[in-house]
Amino acid sequence: MSESLLTVRNLSVTYPGRTGMTHALRNASFELGRERLGIVGESGSGKSTMGRAILGLIPRPGIVSADQLDFAGRSLLANTDRDWQSLRGRRISMIMQDPKYSLNPVKRIGDQIAETCRLHLGSTRKDAESRALAMLEAVQIRNPDTVFTLYPHQLSGGMGQRVMIAMMLVAEPDLLIADEPTSALDVTVQNEVLRILDRLVSERGMGLLFISHNLTVVSSFCDRVLIMYGGRILEQCAAADLARAQHPYTRALMAATPSLDHPKAELATLVRDPSWLE
Amino acid sequence: MAGMIEIEDLRVTFGHGSRAVHAVQGLTLSIAEGESFGIVGESGSGKSTVLKALSGLIPSESRQLTVNGLPAAERRSKADRRHLQFVFQDPYASLHPRQTVDEALREPLVIHGLDDRDRRISDALREVGLSPEHRFRYPHQLSGGQRQRVAIARALILRPPVLLLDEPTSALDVSVQAEILNLISRLKQANKLTIILVSHDLGVVAHLCQRIAIMQFGKLVEVVDRDDLRSGAVGQAYTSRLIEASRGFVRNAD
């Protein structure tokens, strides 16, 4: 990958609690260029925390620390609220897992997307509306004019997810963080949504951080993969080499997944080794 | 010989008149004793509705609906209900938050008037791989995998011949899913259960089931053998599309 869009060195997130510190993310380091980078891991591995930390969305009393957290050559560590305002949604966007909880239920779809344009691009009302319509079309919504005037509860899961993608992409961000964008969708719809993301990465040269628990999706969709466990990045490898991964955890995850192509009499179960967290 | 479960022309309709939703439209299936039968389909295909209709949780119409040779009538006796037990998708929602594991497992025994309850409860816990220390815990003190084990124990404590599983592992991590799937297949062997597993994950269904029904829009698309599903030797275009989609993302050549 040519230039680095995002550089993360020793990023840690800790939450103080009554029983001591909880380490949600421990010394994570990686670089992201204009590529599709996957993050896989099970619940509690810190993959979503990573996405939120990059956007400065860790709620208090969480503590974020890093040696380096650079986006497009600028450090994010000393950002004020005002700095974040100009970055979030404009240059870095995040797609959340479930459209049901992430869209405003009392606002029409078109107005929600247009709001992004007016806020971040300073568009006029008319310009914002036409951009919103064009974006709905770009995410392959068949009748954008109708969807424009609907409320979120009138959409199916797949449509809602596409609307979210449209909303996040309308400001043409350089980096998109997608947190389980397809987990709530049916497999056939899932591949359509992936195709849209794929096209945007290759056409606009966007960087994509793709967070997922689904090894099949990540290995077939991403360029590179980070494997996370207990807040740590255990391993980084090319997505195509995931089947030949080195770390015992990655190998165990692969072995535990029931597969259509490789039948197993019994699924391998995971034996967790405390040394992985050292 | 008649199968363990015979379904002929099953219809489930929600609502009335012009707003009626035909969730299941004329489904015919026959499932043999001791068989592991899978149902796959996308959201809204009616796959869970079939299980609910079979267990009597929702009203349905059919030409024939028998379990273990007995007609599963509109109004079911306790004995009818003992034949079918259900494990639901979300272990966080299917256990009562203010009941301990012990109370959750005791309730079916009380309802069905079985004695020797303490022994049955401790046996059931051991069977699903939970230790005695879990017996007096509340659901919030258990992990997702442990909760699903409790739900399975609760279903099996009445020794039903048929176990209905509605997406039993889709809320769980891959490593926990592997443990639960292994547990289900071990219990099936040990208790000679007939199981019906509903899932959207072809990998899971093919792992556990010999025959698999594919549903779409409330209708049966086809019933295929596990090996045919793996080799792709299926009759319908929709099935092939589902198989292809579940293998992951394919980048277009252009």
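Author: For 278 residues, a compact globule would have a radius of gyration near 19 Å, and the 19 Å of chain A agrees with this. (The radius of gyration is taken over C-alpha atoms, and the globule rule is 2.2 Å times the number of residues to the power 0.38.) The model is a predicted one, in which local features need pLDDT of at least 70 and side-chain atom pairs count only at pLDDT 80 or more, while totals for chains, interfaces and linings use all residues. Residues are numbered from 1 along each chain as its sequence is written, and chains are lettered from A and ligands numbered from 1 in the order in which they are written.

Along the principal axes, the C-alpha atoms of chain A occupy a box of roughly 60 × 50 × 40 Å. Chain A contains ten helices and eleven strands; helices (H or I, at least four residues) and strands (E, at least two) are DSSP runs, numbered from the N terminus.

Two backbone details of chain A deserve mention. Most residues other than glycine have a negative phi, and most peptide bonds are trans. The peptide bond between A:Arg60 and A:Pro61, however, is cis, with omega at about 10 degrees. A:Pro61 is placed in the loop between helix 1 (47-54) and strand 4 (63-65) of chain A. A:Gln140, a residue other than glycine, has a positive phi near 60 degrees, and its position is the loop between helix 5 and helix 6 (144-148) of chain A.

Helix 5 of chain A also takes part in a helix pair. Helix 4 (residues 109-120) and helix 5 (residues 125-138) of chain A have axes 8 Å apart and pack at about 120 degrees; axes are lines fitted to C-alpha atoms, for helices over the stretch in contact, and angles run from 0 to 180 degrees between N-to-C directions. Helix 4 and helix 5 of chain A are therefore oblique to each other (under 35 degrees counts as roughly parallel, over 145 as roughly antiparallel, 65 to 115 as roughly perpendicular and the rest as oblique). Their crossing is right-handed: a crossing is left-handed if the near helix is turned anticlockwise from the far one by less than a right angle, and right-handed if clockwise. From helix 4 of chain A, A:Gly110, A:Ile113, A:Ala114, A:Cys117 and A:Arg118 meet A:Ala128, A:Glu129, A:Arg131, A:Ala132 and A:Met135 of helix 5 of chain A (contact requires C-beta atoms, placed from the backbone, within 7 Å). Six of the residues in this contact are nonpolar, one is polar and three are charged; Ala, Val, Leu, Ile, Met, Phe, Trp, Tyr, Cys and Pro count as nonpolar, Asp, Glu, Lys and Arg as charged, and the others, Gly among them, as polar.

Chain B has nine helices and ten strands. Its radius of gyration of 19 Å is close to the 18 Å given by the globule rule for 254 residues, so chain B is as compact as a globular protein of that length. The mean pLDDT of chain B is 89, and 97% of its residues reach 70 or more (pLDDT is the predictor's confidence in each residue, from 0 to 100).

Helix 3 of chain B is the part to examine closely. The axes of helix 3 (residues 101-111) and helix 5 (residues 144-156) of chain B come within 8 Å and cross at roughly 25 degrees. These two helices of chain B are therefore roughly parallel to each other, and their crossing is right-handed. B:Val101, B:Ala104, B:Leu105 and B:Pro108 of helix 3 make the contact with B:Val150, B:Ala153 and B:Arg154 of helix 5. Six of these residues are nonpolar, none is polar and one is charged.

Helix 3 of chain B packs against helix 4 (residues 117-127) of chain B too, at about 120 degrees and with axes 10 Å apart. That makes helix 3 oblique to helix 4 in chain B, and the crossing is right-handed. B:Asp102, B:Leu105, B:Arg106 and B:Leu109 of helix 3 touch B:Arg117, B:Arg120, B:Ile121 and B:Ala124 of helix 4; four residues are nonpolar, none is polar and four are charged.

Between the chains, the contact takes 27 residues from chain A and 25 from chain B. Helix 8 (187-204), helix 9 (215-221) and helix 10 (248-256) of chain A each supply at least two residues of chain A's side. That side has twelve nonpolar, ten polar and five charged residues. The model scores ipTM 0.80 and pTM 0.85.

Notes. Two residues are in contact if their C-beta atoms, placed from the backbone, lie within 7 Å.
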